[in-house]
Amino acid sequence: MLLKSITDPADLKKLSVAELQQVSEEARTVLLEKISHHGGHNGPNLGVVEMTVALHAVFDSPRDKMIFDVSHQTYIHKMLTGRGQAFWDPAHYSDVSGYTNPKESDHDLFTVGHTSTSLSLANGVAKARDLKNEEGNVIAVIGDGSLSGGLAYEGLNNIAETGTNTIVIVNDNDQSIAENHGGLYNNLRALRDTNGQVENNFFKSLGFDYYYLADGNDLTALMHLFKQVKDSNHPVVLHIQTVKGKGFKFAEENREKFHAGGPFSLETGDYLANSGGETYSTVTTDYL
């Protein structure tokens with residue numbers, strides 16, 4: 001398995017595009033095997049396999065700082081940053097948390113489990129970089145669902161005001177945990193429908209340079225886009241449309257059901273009955 005040879009993101013830079021595609025396919029297979037037995041965040045991680053491989057193939061973590069909103073989409077990131085055994089070896093499935101954690105790796109900046117935080121965190125990291133006269137990209141990955149939180153708007157506002165390198169990746173799968181609703185989502189829909197060309201562009205109005213990618217699961221297109229904006233000297237938004245649950249038909253067809261959950265059958269897509277005895281959740285439910 002080529003994936004097992006990746007112990008650091010720098011290893012990806014030695015591979016051809018075809019080999020990187022192989023890593024992506026192996027990572028998705030390993031991910032499905034683990035979450036089907038161990039549970040976890042299903043759809044969010046399946047949807048960003050190619051994006052994460054492309055990020056680490058193009059950028060230079062930990063010199064370049066990657067900040068993931070809510071951490072629901074960081075399993076592939078962990079596989080590529082020295083923690084792969086926790087995904088392909090069942091005996092080590094519980095070795096890592098489901099969220100970013102600096103105690104696990106220098107490639108994780110924060111312990112994050114709350115939505116809508118990545119943009120403000122990235123703004124602070126970029127400001128610190130600028131004050132210290134350091135170099136490097138600051139990349140914030142945020143899902144369209146997380147953009148509904150007020151802190152995300154504050155982050156966008158201040159990133160635009162700071163005016164230096166911060167690359168905002170909007171991972172748009174047209175889904176939060178459930179369906180999205182609100183004015184922002186009308187604009188995201190219009191951007192998707194026009195391939196990013198609609199006149200009223202929320203991100204451009206704030207002062208961001210804006211790029212749209214319709215196939216956010218195309219590894220080659222992702223790498224081309226990331227190379228295009230790497231080391232930009234101004235704030236950039238990459239609006240990337242992905243498929244939540246990509247590569248597992250049951251997760252693609254029922255995106256809310258497969259946002260997260262326990263063990264499930266790869267053959268039927270059915271979640272398996274809890275056989276582990278009582279949990280805090282079952283005890284509380286029974287009591288109520």
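Is lysine 13 buried, partly exposed or exposed, and what is its relative accessibility? The points below take up this residue, its partner, and then other features of the model.

1. This is a predicted model, in which local features need pLDDT of at least 70 and side-chain atom pairs count only at pLDDT 80 or more, while totals for chains, interfaces and linings use all residues. Residues are numbered from 1 along each chain as its sequence is written, and side-chain values use heavy atoms, with hydrogens and water left out.

2. Lysine 13 counts as partly exposed, because its relative accessibility is 37% (buried means under 20% relative accessible area, exposed over 50%, and partly exposed in between, with a 1.4 Å probe and protein chains only). Its side chain meets that of aspartate 60 in a salt bridge, at 3.2 Å from N to O (a salt bridge is a side-chain nitrogen of Lys or Arg within 4 Å of a carboxyl oxygen of Asp or Glu). The pair links distant parts of the chain, 47 residues apart, since lysine 13 is in the segment before helix H1 (17-38) and aspartate 60 is in the loop between helix H3 (49-58) and strand S2 (65-68); helices (H or I, at least four residues) and strands (E, at least two) are DSSP runs, numbered from the N terminus. Aspartate 60, at 26% relative accessibility, is also partly exposed.

3. Arginine 192 forms a salt bridge with aspartate 172, with 2.9 Å between the closest N and O atoms. Arginine 192 lies in helix H8 (residues 183-193) and aspartate 172 in strand S4 (residues 166-172), so this pair ties together parts that are 20 residues apart in sequence. Both of these residues are buried, arginine 192 having a relative accessibility of 14%.

4. Aspartate 174 forms a salt bridge with arginine 192 as well, the closest N and O atoms being 3.2 Å apart. Because aspartate 174 lies in the loop between S4 and H8, while arginine 192 is in helix H8, the pair ties together parts that are 18 residues apart in sequence. Aspartate 174 is partly exposed, with a relative accessible area of 31%.

5. The count of salt bridges comes to 13, and Lys78, Arg83, Glu104 and Asp108 are linked in a network of them.

6. Asp108 also lines the largest cavity, together with Met66, Ile67, Phe68, Thr100, Leu109, Phe110 and Val112. By class, this lining has six nonpolar, one polar and one charged residues (Ala, Val, Leu, Ile, Met, Phe, Trp, Tyr, Cys and Pro count as nonpolar, Asp, Glu, Lys and Arg as charged, and the others, Gly among them, as polar). A cavity is a set of points, on a 1 Å grid over the protein atoms alone, where a 1.4 Å probe fits but cannot get out, and lining residues have an atom within 4 Å of a point.

Note on methods:
On a 1 Å grid over the protein atoms alone, a cavity is a set of points where a 1.4 Å probe fits but cannot get out, and a pocket is an open set with protein on both sides within 12 Å along at least five of seven lines; lining residues have an atom within 4 Å of a point.
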